[in-house]
Amino acid sequence: MSQTQIVPEAAAPRTWEPKVVAFLCNWCSYAGADLAGVSRIQYPPNIRIIRVPCSGRINPVFLLRALQSGADAVLVSGCHPGDCHYISGNLAARRKFTLFRDLLKYVGIEPERVQFTWVSASEGGRFASVVEKVVEQARKLGPNTKLVKRA
Amino acid sequence: MARNPYLPYPARLEETIVENDAKDIKTFRLAFDDPAGAAEFQYLPGQFAELSLPGMGEAPFGIASSPTETGRLLFSVKRTGLFTAELHSIEPGARIGVRGPMGKPFPWDRVAGKDLLIIGGGFAFTTLRSAIVYILDPANRSRFGSVLAVYGARTPGELMYRADLAAWQKRDDIGVHLTVDKPDQNWTQHVGVVTAVLETLTPSARNTLAIVCGPPIMIKFTLLTLSKLGFSDDAIILSLEMRMKCGIGKCGRCNIGSKFVCTDGPVFTREELKTLPVEY
Amino acid sequence: MTASHEIETRLRETAERLLGEKKVDLFLGHEKASLPLRTTPLFLTVAADAARLAWNPFCSPNLAVYLPRLFRAPADAREAKTAPPRPTVGVVLKGCDARSVVALIQEHQLPRDKLVLVGIACPGMVDARKAERVLGLHEALGAGEDAHGNIRAVVEDGTEVTLRREQVLADVCLECRAPTPSICDIVLGAAVEPREAHVARRQAEELESRPADARWAHFQQMMSKCIRCNACRQACPMCYCKDCLLDQTRPRWVGAGTDFSDVAIYHLARAFHMAGRCTACGACARACPMGLDVRLLVRKLNLEVEDLYGYRPGEAVDATPPLSAFAMDDPQEFLTEP
Amino acid sequence: MTEKRIPQTDLDRLLARLRQRAAVYAPAEDGTGEVVLAALSGKESVTLEYRNFRLSPKALVLPQNQTLLCFKDGQAEEPRLPEGETILFGVRPCDARALLALDQVFLNGNPHDPYYARLRSGATVITLACARPMSSCFCTSVGGGPGDGTGADVLAVALAGDLLLRAETSKGEALLASLADLLSDATPAAVKEAQEQVRAAEDPMTPVKVDGSAERLRQAYDSPLWEAASRKCLGCGTCSFLCPTCHCFDITDEVRGGAGRRVRTWDCCAYPLFTLHASGHNPRPTPKERWRQRIMHKFRYAVENFDRLFCVGCGRCIRHCPASLDLRTVLKEVGA
């Protein structure tokens, strides 16, 4: 009985490119992304980076919000275990992400839409390949329709 | 057909004036896009309007300009929440919606022929500015008796409308007393709370109406002083603030008992307030 | 199983004694409600009122939800000065309610020394809506329990209808692994046999066996009835946050209406916050005015928590909740590798 | 006015006819065993066997989410108002009566609410009298009754094999006139049978004393009973959201990239955020004030403002309250 007006997305399938929101921790992964750039390593331009202090700062609601706002996939990256600037933020995050991914899968959201990894400040190459993989998988999945809110 | 009451008049921000040293109070001068909108927006001092920013929502603010200032629509806003923070960040030329005017103005029919005591505190001087400018307008001044204004703030830097205040203090048809809690070295006027100034001035309650706007704690003590000075509850006029959404008496959150602040207020006499629950 | 009326008598005596001897300032229990098949919470302060306490198959409310607000820390120094001394509170707890109290103590929301916990070994509570569904167009005007634990309802024309206990017990009770409360100061009634835990797992597995789109369709069909009244959150003893993320407006994380994406985020976020914390009392599902089984998501998460970290919420006061902890070698197979 | 009759076996024909001119909502089973007021597509099997719907029909005139404005490039525009007519068949007398309370808020005085006005003026209400009220019902105490036609355009009474129809408004008369070929005049015996059925339905309802409630609640404003009653309240919105007269709403913006909308959504006075100022001050800071507000609004403020109780005795708030709070008990305790 809601009066919501659904307006179909205008994007034609031919021109559709996946949008990926990446939450990168300030100390390792953001520096890794920076290194990828400085080293002129090519990776898909489909990614929008949000810098966060630590992967432990990320509330899964951020990821839901990104999907709701039209992201086709979300990537979260922090420091490798043992390297966290805050000692254990990434380890606490790892448990959260484990369960969160299971939760999304359980309700039928493709797990590839929400991906997690570790990238250190020296791994520009790894960052680029991870992004490539995430974008490729998002492209295969097609546009995110399940959680996106149509205005 | 009647205008959709939820549809704001389109307007633009013309100018932003920083009002205080803390820079968290700014006055926004707006201009309607459409002359028809300007013509329809007929208000009196004491009324308020909802300002609207797409995506940020709406919030109600007292109108700080006087209808006698043709073409000048002013709102003074303190940065406190989400909406006000956004408002403080927009640049001249930005689009802004204005919905109103809303609420009841100060009771100008009752004020006519009377002396006026205007008491303001801190940031709550906006509609009082509107009232003073309105009264001092040459076309209106003769309708009212003597006017005495007392305005207090924590520090000299927190007094709003300083150019207006200085201009008013030069006039002989209004008495303007300024007071601060914490003076700086250049301060030459009153020091202390508003009530202390009132007690030295001992304004007469005879044939006088008092209009009081300010923070709750100031109101509380000012009311005690006014009673001592002989002001009856019916002669004390207050303006309330409330969380509002629709502004037209429908959404149901600004009520105090059976009265809606948005449509029955925001201006109430102390006598009226005494019949209402203390839910404000 | 000890008969309900025997327990009720002893419960009244216990409350009367605790209040009479000033061992507690307040005693929380259940009382007959104005409609049958239900009870309503009772806040007792006078020993003489103890006879109002009820113990019957309709005492489903989880009284633990009322406890954190009685012990909320003052917001600031001024509030601390005027705050009354913290009360000592006696409270009636079923197995599930006791788990909630354990979890709340673990999370530092309740002072153990200010609580007198009166546990009752619980044979399961009636789901009023289930019973009403069984009665169909008839309405119970009164209800009680017979000697076999079955429910006797009196309908409009005065006839008595017997409802088999298992048929009308709440779903959550049919899979209760700890019906006899732990950590209580006083336990009334003989211990009750735990139920099989397989139900939750079987249902989760059944849903998991369906393709992703079918799972989404199931979730959507179920949750699209949600009217966003917040009853599930408000009834939950573990939802004690002073400012819920889902209410925040700066920024607003989830829209206020019933657009399905907002509904979905509301339930996903809430379930996630309950992972490893939900004590499976079923208050959320019972509170839902739309009759949704709000437990769907968190049940699955709790199974995951148990499998991955060997933890079940609400079992031990000194245990560390798994999402407040970590291990260097926690599983991480899910990570994306280039 | 003369009563008309139609055999219940012709009900489907009647509804099919109505569907030619309007979107028709009628009681039908929803697939889970529950009877809801469903939008008919022609596939549903309509039933007259139900007590009342879990959700009141208020959402059909005051949707839970309603677009007030559309934004494009930072400019606000009026959304297109929904067109067309609706016919609500099988609404219970209490819920139909509640529409008059909503009318007071949204159509009374200046300004009218254009969104409500459009949906309301497009709606024709066919009330179905109650033969079997529930133990949570108390419509007779608040001015209504199981056969009350207030708020209805047509009042229907289901008899053994017939449906008795009586127009209550000119809109209802026009509707019945347009269906004349399906209807015949009701016999005096049938009219009498309907009256008896209604009277019998009134009997089991326990009266709740509400006359003079405004004055009594005014005196009870500071009663300690509010604190006692509100202690159980969990602060959820069940009572308000299910209530057919609760109408308070929130307004929020949903915008992405300069485009979006301003939406109103149902809100509830039990929520602390309902009255919270940006400064942090809250005029109704605890459940006590909030709970009192809800009762005061319905039984005192509405009376003072509109000379009407904003309670129709449907009992939804009693039946669905997760803490089994019963406003009848509270009204009795505060002496209202």
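**Notebook: a look through chains A to D**

I began with one residue pair in chain B: B:Glu15 stands opposite B:Arg29 in β2(B). A reminder to myself before going on: this is a predicted model.

**The sheet of chain B**

I looked up the strands around that pair next. Strand β1 (residues 9-18) of chain B is joined to strand β2 (residues 25-32) of chain B by 7 bridges, and the two run antiparallel.

Then I followed the strands across. Chain B has an open sheet of 6 strands with antiparallel pairing, and I wrote down the order β4-β3-β6-β1-β2-β5. Which strands stand at the edges? I found β4 (57-62) and β5 (73-78) of chain B there; each has a single partner strand, so one side of each is left without a neighbour in the sheet. From one strand to the next, the twist averages 40 degrees.

I also checked what packs on this sheet. Helix α2 (residues 82-89) of chain B does, and it touches β2, β3 (48-53), β4 and β5 of chain B. The direction of α2 makes about 75 degrees with that of β3(B).

**The two domains of chain B**

I stepped back to the whole chain. Chain B is divided into domain 1 (9-102) and domain 2 (108-239). How many residues does each domain bring to the contact? I noted 18 residues from domain 1 of chain B and 15 residues from domain 2 of chain B. The centres of the two domains of chain B, taken over C-alpha atoms, are separated by 24 Å.

**Where chain A touches chain C**

My next stop was a contact between chains. It takes 38 residues from chain A and 36 residues from chain C. On the side of chain A, the elements that give two or more residues are α2 (60-68), α3 (89-106), β4 (114-118) and α4 (124-141) of chain A. Which element gives the largest share? I found that it is α3(A), with 12 residues. I sorted the residues on this side of chain A by type: 18 are nonpolar, 9 polar and 11 charged.

**Chain D as a whole**

I turned to chain D and listed its secondary structure, which comes to 11 helices and 12 strands. With 336 residues, a compact globule would have a radius of gyration near 20 Å; chain D has 21 Å, so the two agree. Along its principal axes, the C-alpha trace of chain D spans about 65 × 55 × 40 Å. Buried residues make up 54% of the 336 residues in chain D. Of the contacts in chain D with a separation of 6 or more, 72% are between residues 24 or more positions apart.

**One strand of chain D**

I finished with strand β6 (residues 86-91) of chain D. Why do I call this strand largely enclosed by the rest of the structure? Because 5 of the 6 residues of β6(D) are buried.

Strand β2 (residues 23-29) of chain D is joined to β6(D) by 3 bridges, and they run parallel. Here I found D:Ala23 opposite D:Thr86 in β6(D). Another 5 bridges join β6(D) to strand β7 (residues 123-128) of chain D, and these strands run parallel as well. For D:Leu88, I noted D:Val125 in β7(D) as the bridge partner.

How values were computed. Residues numbered from 1 in each chain as written. Chains lettered and ligands numbered in written order. Predicted model: local features only at pLDDT ≥ 70, side-chain atom pairs only at ≥ 80, totals over all residues. Buried ≥ 20, exposed ≤ 12 C-beta atoms within 10 Å, placed from the backbone. Helix = DSSP H or I, 4+ residues; strand = E, 2+ residues; numbered from the N terminus. Pairing = 2+ DSSP bridges. Contact = placed C-beta atoms within 7 Å. Nonpolar A, V, L, I, M, F, W, Y, C, P; charged D, E, K, R; others polar. Domains from an automatic or database assignment. Rg over C-alpha atoms; globule rule 2.2 N^0.38 Å. Axes fitted to C-alpha atoms, helices over the stretch in contact; angles between N-to-C directions.
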